[in-house]
Amino acid sequence: MKKQLIHSMDDTYHEYLRDESKMRGAADSISFPESEAEIGNILRVTRENRMPVTIQGGKTGVVGSAVPSRGHIMNLSLMNKVKSFFIAEAGEAFLKVEPGITLNELRKAIDRLETPKALFWPPDPSESTATVGGIASTDAKGICFHLYGKSTSHISGIRVMNAEGSIRDLKSGQDAIVINGKSKDLQDVYLGGEGMYGVITELTLRLMPKPREIWGIGFFFEDREDGMSFSDQLKATSFEVQGANIAAIEYLDHTIINALERRKNELTKIKHIPDVATRIATMVYVEIHGDQEEAIEEIAEALMTIGSSFNGDPDQTWAFSGEPEIDKMRNFLHAAAEIAILHVEKVRSEDHRITKLGIDISLEGDGLKTWVSRIEKTLQKENLKAGYWGHIGSNRLHIDILPGSYGEFVKGRTLFETWAERFPASLGNAITSYGIGKLKKSIFLKTVSKAYIEDLHQMKKQLDKHNLWNPGNMIEVL
Ligand SMILES: Cc1cc2nc3c(=O)[nH]c(=O)nc-3n(C[C@H](O)[C@H](O)[C@H](O)COP(=O)(O)OP(=O)(O)OC[C@H]3O[C@@H](n4cnc5c(N)ncnc54)[C@H](O)[C@@H]3O)c2cc1C
């Protein structure tokens, strides 16, 4: 019997109308292809019917980029196989995978590889059900961006299919597209392109030797400025000892910490994390990766000295080592990222118009401090509650407004849009981390130049001339 590839939307599929932003969309049909050939067959039907296609990975995105606005949903969760593993002449290790493989599945697959030294794939947006295709398409920046850099630098090649069903193998630096007279690397256009130009059907991941030792240290400060200055000092200092180095610097403010403390008994994964005193304003989590224990110890000692000089509370300092302990700490950070999502879930039961309301700021040193205090003052004046957290090691902070009503949601969204408009370019940009999708589009379009938006329109025209992929993401195509 011929396999049915396309299913009409009914209640069975209602969870595919939203992602972790809790935004809800609409669609006529859905498919779960298991191979590139099946993707081709599905696209033949959608093309004939001029039906737009929204691509989905793990639906862990928080900006509605995988939420359909109409047409067809192509969910890639069943394309989760490892295709091959190889070591190139220069000794680098590569894994070829399908796009729907989750981080969880990928880690298990890498652990099963028989190699002289354990390997890993560094990108980790902390949500282990995110897929590699989703991470590539949002250029998700995980907690260890500080040491390992962009997720996309750990992808050596991709295979993409356009709406006409044509396939291209792309490698960084090898294929280009000319947009408004400027040449752009084609692989870079797809990586971070939020599925607007085609579907990634395969990825070649560059693996790295896994550090033998990982230590995590949590520093606590009663004054937010101290926590931020401590982070600045860490960013300005070189810590490398025998290849060991700081991999992550993460920031959590008291709103997020207090919310986590309140939820501790419900969330089994963070139950065993020590309690945090209510006087604490900020926690800064630092992770050190390396092969030699003595080298990591030396870095840890230097960190403790710097922590004390910024009034860090030595009685509260947490230290963890070994994978199971580090996993607990990672779970704590992940739970922090979930606080706003859980809050939205609760308030949405009273008003479904509320979705996640977050903004990212990316500024160097004092710029970040200045803007955080400015934003905090305005939010206090407007009686809006917010949580501040994120990858401070990469100069990025995420601010989530936690609205209690739709009125507060609208007030918060208007404030975000106003800041986006006034954000002085000399200080930095309201950035695209966590994606732009549909929910951050209005903010994004106010922060980037007209020339940049024009480039996006040109790319869309050249690579998706009938505007069939992921309508509504990033730009509005008429
Ligand atoms: C608790 C929590 C913590 C998070 N922490 C971080 C973080 O630290 N840093 C960060 O950047 N993000 C973070 N995220 C956001 C999210 O996990 C990432 O954006 C992730 O990369 C999305 O992967 P996904 O598979 O769920 O993609 P989806 O949400 O399903 O899709 C995201 C986008 O990618 C497109 N897409 C997916 N697969 C393909 C494909 N094969 N071809 C073309 N387009 C495709 C979709 O169309 C959509 O536009 C977090 C989310 C949660 C819930």
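Biologist: Let's start with Glu345: where is this residue found?

Modeller: Glu345 is found in helix H9, residues 323-348. Helices here are DSSP runs of H or I with at least four residues, strands are runs of E with at least two, and both are numbered from the N terminus. This is a predicted model, in which local features need pLDDT of at least 70, side-chain atom pairs count only at pLDDT 80 or more, and totals for chains, interfaces and linings use all residues. Residues are numbered from 1 along each chain as its sequence is written, and side-chain values use heavy atoms, with hydrogens and water left out.

Biologist: Why is Glu345 called partly exposed?

Modeller: Buried means under 20% relative accessible area, exposed means over 50%, and partly exposed is in between (1.4 Å probe, protein chains only). Glu345 has a relative accessible area of 37%, so it is partly exposed.

Biologist: And which residues does Glu345 contact, leaving aside its neighbours within four places in sequence?

Modeller: Those are Arg18 and Lys22, where contact means heavy atoms within 4.5 Å.

Biologist: Staying with H9, what makes H7 and H9 roughly perpendicular?

Modeller: Helix H7 (residues 254-263) packs against H9 at an angle of about 95°, and their axes are 10 Å apart. Axes are lines fitted to C-alpha atoms, for helices over the stretch in contact, and angles run from 0 to 180 degrees between N-to-C directions. Angles under 35 degrees count as roughly parallel, over 145 as roughly antiparallel, 65 to 115 as roughly perpendicular and the rest as oblique. H7 and H9 are therefore roughly perpendicular to each other. On the H7 side the contact is made by Ile256, Ala259, Leu260 and Arg263, and on the H9 side by Phe332, Ala335, Ala336, Ile339 and Leu342.

Biologist: Nice. Which domains does the assignment give?

Modeller: It gives domain 1 (6-78), domain 2 (82-209), domain 3 (213-347) and domain 4 (350-460); the bounds come from an automatic or database domain assignment. The C-alpha centres of domain 2 and domain 3 lie 28 Å apart. Ten residues from domain 2 and 14 residues from domain 3 take part in their contact.

Biologist: How do you know that the largest nonpolar core lies between domain 3 and domain 4?

Modeller: A nonpolar core is a set of buried Ala, Val, Leu, Ile, Met, Phe, Trp, Tyr and Cys residues joined through side-chain atoms within 4.5 Å. The largest one has 47 residues, and Phe230, Leu303 and Leu379 have the most contacts inside it. Helix H8 (residues 293-309) gives the most to this core, with six residues. Domain 3 and domain 4 both give residues to this core, so it lies between them. Apart from it lies another core, of 38 residues, including Val97, Val189, Ile453 and Leu456.

Biologist: What makes strand E12 largely enclosed?

Modeller: Eight of the eleven residues of E12 (residues 199-209) are buried, so this strand is largely enclosed by the rest of the structure. Two strands pair if DSSP finds at least two bridges between them. Strand E6 (residues 93-97) is joined to E12 by five bridges and runs antiparallel to it, with Thr204 in E12 as the bridge partner of Lys96. Six bridges join strand E8 (residues 155-161) to E12, also antiparallel, and Arg159 stands opposite Glu202 in E12. Strand E7 (residues 119-120) pairs with E12 over two bridges in the antiparallel sense.
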